[in-house]
Amino acid sequence: MAVCVAVIAKENYPLYIRSVPAENELKFHYMVHTSLDVVDEKISAMGKALVDQRELYLGLLYPTEDYKVYGYVTNSKVKFVMVVDSSNTALRDNEIRSMFRKLHNSYTDVMCNPFYNPGDRIQSSLQINTDLTSACHRGASQRSFHVRVFQTCSWELPVSPHTAPEGLLVAGPSMAW
Amino acid sequence: MSWMPCFLSMLSTLVLGVSVPPGALDCWVFLSCLEVLQRIEGCCDRAQIDSNIAHTVGLWSYATEKLKSLGYLCGLVSEKGPNSEDLNRTVDLLAGLGAERPETANTAQSPYKKLKEALSSVEAFEKHYLDLSHATIEMYTSIGRIRSAKFVGKDLAEFYMRKKSPQKAEVYLQGALKNYLAEGWALPLTHTRKQLAECQKHLGQIENYLQTSSLLAGDRHLTEDEREHFCREILSFARRQTGSPGHKIVLPMHSFAQLRDLHFTPSNAVVHVGGVVSVEITVCSQMPVPVPVEQVAINVHFSIEQNSYRKTAEWLTRHKTANGMVSFPAETSPFPTSRNSLPALELYEMLERSPSDNSLNTTGIICKNVHMLLRRQESGASLETSAGVTLEDGAHVLKCTDVTLEPGPNTITFQTQAKEPGTYTLRQLCASVGPVWFVLPHIYPLVQYDVYSQEPQLHVEPLADSLLAGIPQKVKFTITTGHYTVKNGDSLQLSNVEAMLILCHEENRAVIYSNTREKASDASLRVQSSDKVTSISLPAAPAYHVIEFELEVLSLPSAPAAGGESIGLGMTEPHGKHEDTQKAGQRMATMDHKVSIDCPWSIYSTVIALTFSMPFRTTHSLLSAGTRKYVQVCVQNLSELDFQLSDSHLVDTGESTDLQLIPLNTESEQRAHSRQAVFFVWELKWTREPPPSLHCRFSVGFCPASEERLSVSLKPYTCEFQVENFFTLYNVKAEISPPPGVEHCRTGALCSLEVSITRLSDLLEVDKDEALTESDEYFSTKLMYEVVDNSSNWAVCGKSSGVISMPVAAQATHRVHMEVMPLFAGYLPLPDVRLFKYLPHHSAHSSQLDADSWIENDSLSVDKHVDDQLDGGSVQSRGSVRTAAGSEHKGLPMPRLRALPPGQAFNASAGTQVLVIPSRDDHVLEVSVT
């Protein structure tokens, strides 16, 4: 249930960034950009580790009120950042990991394309979101990066915060309304 | 402290589930964050806290964010202060907070007190918010989270903008903008730039505002309306300022329009003085609406180039570029910086050879633009280089006024007349909209056009590959007028050469071409010839044009000085020699004619050399049949043309009356095909004693076979040669007879070879040489014979050569008997009998020795036989010869041999064959068929 997926080049410019719904695009751009701070920090922290022992998955970068931001870095220092809705508690670390791994595979496919210049923006054949669902149905025969990504991230529209279960334990300062 | 993210995450998770009035949650989160932070501060020392900023800063940032949203909610950030609705909401929130818990109630500072104070007044809110923000930014910066710091800074800038203090906001906006620009994040960049534009507008920074506006107007991430708004901002500013000229606002062009390509007419960008050069540029306007531009100008830098090769007509015609189009790399939006700003590697192969033996020492690859690639990335240089753009003032400017740039590609054409010769480099492109100047500071790749001035030139060249002598040939005259204008009455004066005629026709036409090889006009040409000078009056032609015309010239066919190689072919081996000469001379003999031409534009004469080739080559040979003599002339056609030969003559130039040359040629006209030969034969007859040599002149008329009628009469081809010693003195006859009693020769059986050498005449003039000896009115000469069988059909048994003393008298005969053995069966040709003059050594002069040294080499092998023969032979004065040959082989001159001229010795048995039958007891049968 990703709301935003970004592929960021080694030099920290976005190769691909896509968020749904599109209205809040700017907010996600800021969010992903800010998260690069944490990505950089994590990369420099593990920089000394041997290459083959290095964990590509960076884990939760930082949480915000509504979203969780996860990071992943390839050996060539290309970063994947994924923003998921915080309300979706069903997404565990393992699912996030496998989503990143699939995303990594899709990225590798793009790099294998002889017509793609490494470092160029990754073009998606899908322009509007309404195409998304139909494209997903058309399946893997259409090997567009976009389709792959959003299939990978098991795209669904974000659930509104108000539909979350009630009666949660509230800890913290007492409040009376 | 790794629990901190978890805590934050938990907070946000919990918050999602609760339904409360607006702001209440923010209050709660703010208080929670601060409480936690306070607890941490309470239980840890300073150093510990500092080392864990990475974990706590999230909470600080979260708290700042919440306070900000509370401030906006309660109207504390607006310029006018909160309205009644805002106040109501504030009261609700404050009431909702309830009373402070007893454990913190007495402390001077608590999160509860802080919140309450912040919400109570605009000033207090500002103070607390700024405190928190600054603290957060500081913490982020200290741990290197620049992006996060900039993001908080942007919030702060927004706050300042609300508070109407744009000067404070600008710093934060610029900081954030630089960061986004450097990392190439388009959407945040556009958003921040929009905020900055507003800020700059408030601050009244006109130049910066216009620049930001131009960037925004060309920004594809904005809506059409927004872009149009910013574009109109620029236009309205320009309109307002038109009244007060003088002040120019210079802005970089790339946001306004981009140069796509450039095209010169003429396409090779080389033009002569006075010519018109036009430059057509395609500019892609980035503006969303049509923009009226008062003037588009290209600044041109002029330099006088020393190397003037580029500016000649040859260069002009040879270097025609495909289309003269120069394309400029599409200026992609200024990011991603790290990749696109670097130039491509320019790699070259490098081979280093050792100077001594030229063997390969080192090989490698050189990068020629290392200085570009390894430059330090200036972190400080601002990417939006507004300050760097300066307007260049040049004397040469290409201008185009009142252009409206439509959105998208526009074509603008500049025209100028070339004045001074030199190289013109296009430097800057600028477009002015009122006082606003958009400038492209450097046009790269380098674009130049050249203006040249050229001296008039005359070229004369044959129309075909080579000129043939003897027949009319066309020669092309090309006059490149250069800066000279050919007037009516100008003429070329050609000095006549004796051996070369310039043929004047009624109709001669000259064609005038323009500089670009387009036909301009056509005019008739007048050629007047006097005995010394041929004058060609030229048609009038403007400067930088080309006049072309053709003239026919005729070079007289004279045999080259060397003459036909006088090869006297004997009867002995005519075929082998003939092949040799054919191989040797396939190239035509040539002769040069130098013509000096006076041109009207110069006081000096131009000398032009025309090379003519003789189409023919002749060889002659003397043929004998006993005492009858024939002269054969072979005319070889070396050219590609076919010729018709007629009127062949061979005359004796010695004018001796007792010699007669009787032609045996049946046809009067013969065709000499390309690369073929024609033979002519005359019989030589004489009545009295013939002279030792005969001087002949051969002449034959010829004309090209393809052209039936020629306007001029052609001179015949002549050649002279000399035939020497043509009179037959000796008749050599060889005969092989089988052993007595046997009908045919058999292989392996000895047969007798009888050679008879017969003197055919009495003492002649040619006999008077050193070999002649006189005793008692009785003359004799020494000859050496040699029997050689080159084809190894015969084995000569015993001596194969010997010296004889031949009496010089008619019908004197000398017979030699020898034994030979046939090695093969079949009709075998007889072995060759060669005859030499045997010259005694004492008469040899040193000079003659040199000339005949080839014989000396040969004589070494011959000597042995000579000695043997001398022992048994009855030869006079043998003693002297023997001492010379026997004891002093080296150092002293030896008897010399001189081959008899082929005309003097006639081999009567040439071509004779003898039947040899195989012997009966031979196991192997060998049959030679010749």
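Analyst: Let's begin with helix α2 of chain B, residues 24-43. Its 20 residues should span 28 Å at 1.5 Å a residue, and the end C-alpha atoms are 29 Å apart, which agrees. The expected span here is 1.5 Å times one less than the number of residues. Helices are DSSP runs of H or I with at least four residues, strands are runs of E with at least two, and both are numbered from the N terminus. Buried stands for under 20% relative accessible area, exposed for over 50%, and partly exposed for what lies in between, with a 1.4 Å probe and protein chains only.

A word on the basis: this is a predicted model, where local features need pLDDT of at least 70 and side-chain atom pairs count only at pLDDT 80 or more, while totals for chains, interfaces and linings use all residues. Residues are numbered from 1 along each chain as its sequence is written, chains are lettered from A and ligands numbered from 1 in the order in which they are written, and side-chain values use heavy atoms, leaving out hydrogens and water.

Now to chain A, which has four helices and five strands, in the sequence pattern β-β-α-β-β-β-α-α-α. Of its 177 residues, 49% are buried. In helix α1 (residues 25-46) of chain A sits A:H33, buried at a relative accessible area of 1%. Beyond residues up to four places away in sequence, A:H33 touches B:R147, B:N179, B:Y180, B:E183 and B:W185, where contact means heavy atoms within 4.5 Å. With B:N179, the side chain of A:H33 makes a polar contact of 3.5 Å. A polar contact is a pair of N or O atoms within 3.5 Å; within protein, one must be able to donate a hydrogen and the other to accept it, and residues adjacent in sequence count only if both atoms are side-chain atoms.

Back in chain B, B:D490 lies in the loop between β16 (473-480) and β17 (491-495). B:D490 is buried yet has no salt bridge, and the nearest side chain of opposite charge, B:K487, is 4.0 Å away. A salt bridge needs a side-chain nitrogen of Lys or Arg within 4 Å of a carboxyl oxygen of Asp or Glu; Lys and Arg count as positive, Asp and Glu as negative, and His and the chain ends are not counted. B:D490 does have a side-chain polar contact of 2.8 Å with B:Y484.

An open, mixed sheet in chain B has the order β34-β45-β41. Its edges are β34 (745-746) and β41 (826-829), each with a single partner strand, so one side of each is left without a neighbour in the sheet. Two strands pair if DSSP finds at least two bridges between them. β34(B) runs parallel to β45 (residues 913-917), joined by two bridges, with B:R746 opposite B:I917.

Elsewhere in chain B, β30 (residues 677-686) pairs antiparallel with β26 (residues 628-637) over eight bridges, one joining B:Q636 to B:A677. β30(B) also pairs antiparallel with β28 (residues 659-663) over five bridges, including the one between B:I662 and B:E683.
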